[in-house]
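The questions below ask what stands behind each label.

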Amino acid sequence: MGTLVGHVAPGFGFFVIGLWHLLNHIKLHAQNPNSYKSKPWFPASKQKYLELFLIMGGCTASIAMELFIGPERHQPLDDDLTIPSNHLHNFEHSTISLTFFLYAAFAIVFDKVAPKKTQFSLTQLLGAAAFGQQLLVFHLHSADHMGVEGEYHLLLQLVISVALVTTLMGIGYPNSFLISFVRSISIVSIGLWLAVMGFMLWTPEFIPKGCFMNLEEGHKVVRCHDDEALDRAKSLVNIEFSWYMILVIVSSMCLYLYMIKIHGEKVEYQTLSKYEMGDEDEEEEGGDDVEAQKKINAGTSKSFVQMGKGFAAMDIER
């Protein structure tokens, strides 16, 4: 991170995974509104573990970029094998990527060998650990986040907190669609906000008035000329985040209505067909019952006639 690409690339990854979860959770709930159960990840049609493989690949690329490709010497250590101050943030970002890599790797292992009853809970717990690690690193970041960049990271921590809390709640309430819905939106929001940070902090045309880009410890940072300019820039970031959240909420609700319209109609049609078939079966069963009752009544009548004839014969003999 620390560059435009360093924020936009992982942001795109979070956005894709979050949108994938959002679409699948809505579809799953629309098709099974009464028996819905959340899933920590969703298999693809052609490759079951495609989602998890993408997470692992993206994390591997992120670690390689932070530790080996990005540094000028293509390695992050000093000659005495210590970590220099200007590469501390590289190790912090790599730690986040490593945690999500482990989540995806263990999710595959759990799916293959773990009992069905514990797969969901353990995978959700690993996801919560990854979000918790991400929140901790951004909260205790070694870089100076007191200025405009710090305001962006503070708001990012709020979104990560929502993802962490909903992931933990999902362990105890796997049948709650609302928890899964909010969790998916929060993952999408993490990705979009990372991308917004990349464009707004490292594009000169988007730098707030009274602020400038300054090269510090090998990467560019937005600084302001005075406190008034800094306060104005932070207020603009807060307004931007408010508009951003409104856009995300409206888009998510529209997507929900669209998906319900598509998959909900199919469910209604199948349900009506099922009920119609059930009615026909009941009619057939009712017809069979009537015929059987007629046969029973006929048999009963014949038996009474035979008994009457028998009594008559006995009287004649007497």
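Q: What makes up the protein in terms of helices and strands, and in what order do the elements run?
A: The protein has 7 helices and 2 strands, where helices (H or I, at least four residues) and strands (E, at least two) are DSSP runs numbered from the N terminus. From the N terminus on, the order is α-α-α-α-α-α-β-β-α. This is a predicted model, in which local features need pLDDT of at least 70 and side-chain atom pairs count only at pLDDT 80 or more, while totals for chains, interfaces and linings use all residues. Residues are numbered from 1 along each chain as its sequence is written, and side-chain values use heavy atoms, with hydrogens and water left out.

Q: Why are α5 and α6 called roughly antiparallel?
A: Helix α5 (residues 148–172) and helix α6 (residues 177–202) pack at an angle of about 165°, with their axes 9 Å apart. Axes are lines fitted to C-alpha atoms, for helices over the stretch in contact, and angles run from 0 to 180 degrees between N-to-C directions. Angles under 35 degrees count as roughly parallel, over 145 as roughly antiparallel, 65 to 115 as roughly perpendicular and the rest as oblique. The pair α5 and α6 is therefore roughly antiparallel.

Q: What makes the contact between Lys48 and Asp111 a salt bridge?
A: A salt bridge is a side-chain nitrogen of Lys or Arg within 4 Å of a carboxyl oxygen of Asp or Glu. In Lys48 and Asp111 the closest N and O atoms are 2.9 Å apart, and the two form a salt bridge. The pair links distant parts of the chain, 63 residues apart: Lys48 lies in the loop between α1 (4–31) and α2 (50–69), and Asp111 in helix α3 (residues 88–113). By this rule the count is 1 salt bridge.

Q: Why do Lys48 and Asp111 get their accessibility labels?
A: Buried means under 20% relative accessible area, exposed over 50%, and partly exposed in between (1.4 Å probe, protein chains only). Lys48 is at 39%, so it counts as partly exposed. Asp111 is at 17%, so it counts as buried.

Q: How do you know whether Thr167 is buried or exposed?
A: Thr167, in helix α5, has a relative accessible area of 0%, so it is buried. Not counting residues up to four places away in sequence, Thr167 touches Gln124, Gly127, Ala128, Phe131 and Arg183, contact meaning heavy atoms within 4.5 Å.
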